[in-house]
Amino acid sequence: MRILTVMFLVSLWTWLRVVAAAAGPDSPETNEADHSHSAGGCDCMEYWTCVMSGGNPYSYCGLSESNVCCFVPQGAKPVGLFPLSTGRRPDKGRCGKKGNDSGREGIAGPAEWPWHAAILEKPDDLYVCGASLLDESWVLTAAHCVDDYVSNRGESLKVRLGEHDVTSTRESLRHEEYDVADVVLYPGFNNASLAHDIALIRLRHPAKQRPNIDVVCLPRQGSKFPDTTDSPAHTSCVITGWGRRSETSEHSVVLKKVKVPLWQNSACERALQQQFGSRFSLPDTSICAGADGRDACDGDGGGPLVCEQDGQWYQIGIVSFGIGCGRHNTPGVYTRVSMYEEWITNSVLRHKTRQ
């Protein structure tokens with residue numbers, strides 16, 4: 001079984017050291033906006049609306065699991081990657097905006113997938129895993145990628161955003177690097193079975209929106225998108241990464257993209273039982289994707305599996321594990337992100353209330 005991280009191949013992935021020094025992180029641009037709140041009380045609003053409006057969430061409220069009691073200081077400025085529309089509501093269409101296609105099969109264009117991130121180990125820029133940008137301060141990845149770094153809160157890690165060609169120092173859109181402030185594993189993560197293979201990384205300084213740096217959309221908790229229980233495979237899902245293109249190829253130095261079909265969970269379980277035995281059971285926290293010659297491979301671990309809906313791209317999976325790469329009737333296994341939306345929100349909220 002492959003675990004899709006490449007720390008054992010670091011000699012290939014020193015990121016060639018010819019890459020120019022990253023630009024220092026800037027603070028996000030802000031725009032003035034009007035905010036109103038109850039005298040002596042708080043407004044009940046969605047968590048992201050509160051945070052991106054410059055407010056401070058303190059507790060849950062209302063009927064929605066994502067609504068919080070929010071205190072917005074007088075004259076507060078909106079922050080983060082999400083530009084605000086009128087009033088307190090953020091632009092709901094802002095996340096998951098893909099850039100221009102490269103026109104080349106399997107090769108991503110610069111800024112085409114602006115949420116794709118790379119986790120590196122300092123000081124030699126050793127490639128660890130892929131990841132995705134959720135908001136200005138948080139990155140999503142697989143727990144198996146970063147469980148060895150929890151003890152030092154990720155001090156030996158950094159996150160690179162906006163990277164495309166790791167061999168080039170002349171790209172018009174430069175990458176940026178951010179030190180890591182904390183690593184948060186899902187409490188139920190099991191490194192032996194790779195159950196609940198999901199983790200959050202908090203950046204020490206907030207990222208700033210760029211043409212090649214932006215956020216992916218998250219599906220809602222329990223969302224039926226995409227429904228893989230008994231519906232046909234979704235046809236507009238993509239994985240990205242710098243991993244191998246096949247079991248025998250070298251790692252990619254330009255961000256690759258692979259269009260993959262999703263599997264029904266029952267069909268995926270039957271296929272994997274051929275490899276792991278009849279007692280293998282696929283948990284509902286996993287999702288499967290891939291086809292002959294179309295799969296994640298070594299070096300893609302922690303990266304996003306995204307699907308398009310109504311012009312926006314949602315991260316429905318995190319590259320976790322598989323058997324070989326692109327083998328016949330052998331899908332790759334991904335962590336199903338929609339099962340963890342509440343945990344992601346709660347984790348960010350707990351940090352916010354400690355500030």
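Biologist: At what relative accessibility does Cys 297 count as buried?
Modeller: This is a predicted model, where local features need pLDDT of at least 70, side-chain atom pairs count only at pLDDT 80 or more, and totals for chains, interfaces and linings use all residues. Residues are numbered from 1 along each chain as its sequence is written, and side-chain values use heavy atoms, without hydrogens and water. Buried means under 20% relative accessible area, exposed over 50%, partly exposed in between (1.4 Å probe, protein chains only). Cys 297 counts as buried because its relative accessibility is 0%.

Biologist: Which cysteine does a disulfide join to Cys 297?
Modeller: A disulfide is a pair of cysteine sulfur atoms within 2.5 Å. For Cys 297, the S to S distance is 2.0 Å, and the residue at the other end is Cys 325.

Biologist: Is Cys 325 buried or exposed?
Modeller: Cys 325 has a relative accessibility of 15%. With that value, Cys 325 counts as buried.

Biologist: Is the disulfide of Cys 129 and Cys 145 left-handed or right-handed?
Modeller: Sulfur to sulfur, Cys 129 and Cys 145 are 2.0 Å apart. The torsion about their S-S bond is about -75 degrees, so the disulfide is left-handed.

Biologist: In which helix does Cys 145 lie?
Modeller: Helices (H or I, at least four residues) and strands (E, at least two) are DSSP runs, numbered from the N terminus. Cys 129, at 0% relative accessibility, is buried, and Cys 145, at 5%, is buried too. The pair ties together parts 16 residues apart in sequence, because Cys 129 lies in strand β6 (residues 126-135) and Cys 145 in helix α2 (residues 143-146).

Biologist: What is the torsion about the S-S bond of Cys 237 and Cys 307?
Modeller: This disulfide has an S to S distance of 2.0 Å. Its ends are 70 residues apart, with Cys 237 in strand β11 and Cys 307 in strand β14 (residues 304-309). Cys 237 is buried at 0% relative accessibility, and Cys 307 is buried with a relative accessible area of 0%. The disulfide is right-handed, because the torsion is about 100 degrees.

Biologist: How many disulfides does the structure hold?
Modeller: Among them are Cys 129 with Cys 145, Cys 237 with Cys 307, and Cys 297 with Cys 325. The count for the structure is five.

Biologist: Which residue in β12 stands opposite Val 238?
Modeller: Two strands pair if DSSP finds at least two bridges between them. Strand β11 (residues 237-241) runs antiparallel to β12, and five bridges join them. In β12, four of its five residues are buried. Opposite Val 238 stands Lys 259.

Biologist: Which residue in β4 stands opposite Asn 56?
Modeller: Strand β4 (residues 67-71) is joined to β3 by four bridges, and the two run antiparallel. The residue opposite Asn 56 is Phe 71.
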